[in-house]
Amino acid sequence: MRSEEGAGGLGAALAARGPSWREKLSSSETHCRRESPRKESAAPPAPTLSESGAGKPREEKRTALSKVVLRRLPPGLTKEQLEEQLRPLPAHDYFEVVAADLSLYPHVYSRAYINFRNPDDILLFRDRFDGYIFIGNKGLEYPAVVEFAPFQKIAKKKLKKKDAKTGSIEDDPEYKQFLESYSLEEEKTSASPETLLGEIEAKTRELLGLFCSFVY
């Protein structure tokens, strides 16, 4: 009876006292272990380098090539002569002929730059004039070569500003003074020979008088 009462009394005392600190620690660890998978599954995965876009290379803007160069042309070929031989020339907004550089002898050739508005016309132009034989002034043959121009931009022609002094020379005071002096000289040259001789004699006498006064 005592053992049962003692056992019952000890169990009742432990139950009344509550769980010990070891039991609390084990129960809290079990609770954390149960909740940790939920937290990991709820967190979204971190984006990779490729998904974030940081590793994507920049896309360069590509424009269609439209400017061609016609090489190995006769050295004495002018722009008008070439344009006449290239007729009918497709629609274009730039056409320029560069004269041959004589310092590069014997490789002396002219070349032409053409910028087509429609890139599809370049193939037709190449089929017509790539290997086309141009005849020079001395009868020599020059097989042409059609290529894309290394520099695709078009040189813009700068408009010259009009000079504000254009047509204002008649109002210039120095020009008016020049006209007056010029008209006086014309009057002197148009005088009779007798008048000119008289003026010369008068100046001669004046100079002789000055010379005599200086000597004596």
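## Overall make-up

Of the 216 residues in this protein, 15% count as buried. The model is a predicted one, and its accessible surface comes to about 18,900 Å². Carbon and sulfur atoms account for 56% of that surface.

Seven helices and six strands make up the secondary structure. Read from the N terminus, the elements follow the order α-α-α-β-α-β-β-α-β-β-β-α-α. If we take the contacts between residues at least 6 apart in sequence, 61% of them join residues at least 24 apart.

## Histidine 92 in strand β2

Let's start with histidine 92, which has its place in strand β2, spanning residues 92–98. Its relative accessibility is 24%, so histidine 92 counts as partly exposed. A polar atom of the histidine 92 side chain lies 2.9 Å from the backbone oxygen of proline 90.

Which residues does histidine 92 contact once its neighbours within four places in sequence are set aside? They are Ile114, Asn115, Phe116 and Arg117.

## Asparagine 115 in strand β3

Asparagine 115 belongs to strand β3, residues 110–116. Is this residue buried or exposed? With a relative accessibility of 5%, under the 20% limit, asparagine 115 counts as buried.

Two polar contacts involve the asparagine 115 side chain: one of 2.9 Å to the side chain of serine 66, and one of 2.7 Å to the side chain of aspartate 93. Leaving out residues up to four places away in sequence, asparagine 115 touches Ser66, Lys67, His92, Asp93, Tyr94 and Ile154.

## Helix α5 and its two sides

Now on to helix α5, which covers residues 121–129 and has Asp121, Ile122, Phe125 and Phe129 as buried residues. Looking down the axis of α5, these buried residues fall within an arc of 100°, so they line one face of the helix. The face turned away from that buried side carries Leu124 and Asp127, which are exposed.

What covers the buried residues of α5? The cover includes strand β3, where asparagine 115 also lies. It also includes β1 (67–73), α4 (79–85), β4 (133–135) and β6 (145–148). Just after α5 comes glycine 131, with a positive phi of about 95°.

Note on methods: Residues are numbered from 1 along each chain as its sequence is written. This is a predicted model: local features need pLDDT of at least 70, side-chain atom pairs count only at pLDDT 80 or more; totals for chains, interfaces and linings use all residues. Side-chain values use heavy atoms; hydrogens and water are left out. Helices (H or I, at least four residues) and strands (E, at least two) are DSSP runs, numbered from the N terminus. Buried means under 20% relative accessible area, exposed over 50%, partly exposed in between (1.4 Å probe, protein chains only). Contact means heavy atoms within 4.5 Å. A polar contact is a pair of N or O atoms within 3.5 Å; within protein, one must be able to donate a hydrogen and the other to accept it, and residues adjacent in sequence count only if both atoms are side-chain atoms. Accessible areas come from the Shrake-Rupley method with a 1.4 Å probe; for residues, only the protein chains shown count as cover. The arc is that of the directions from the helix axis to the C-beta atoms.
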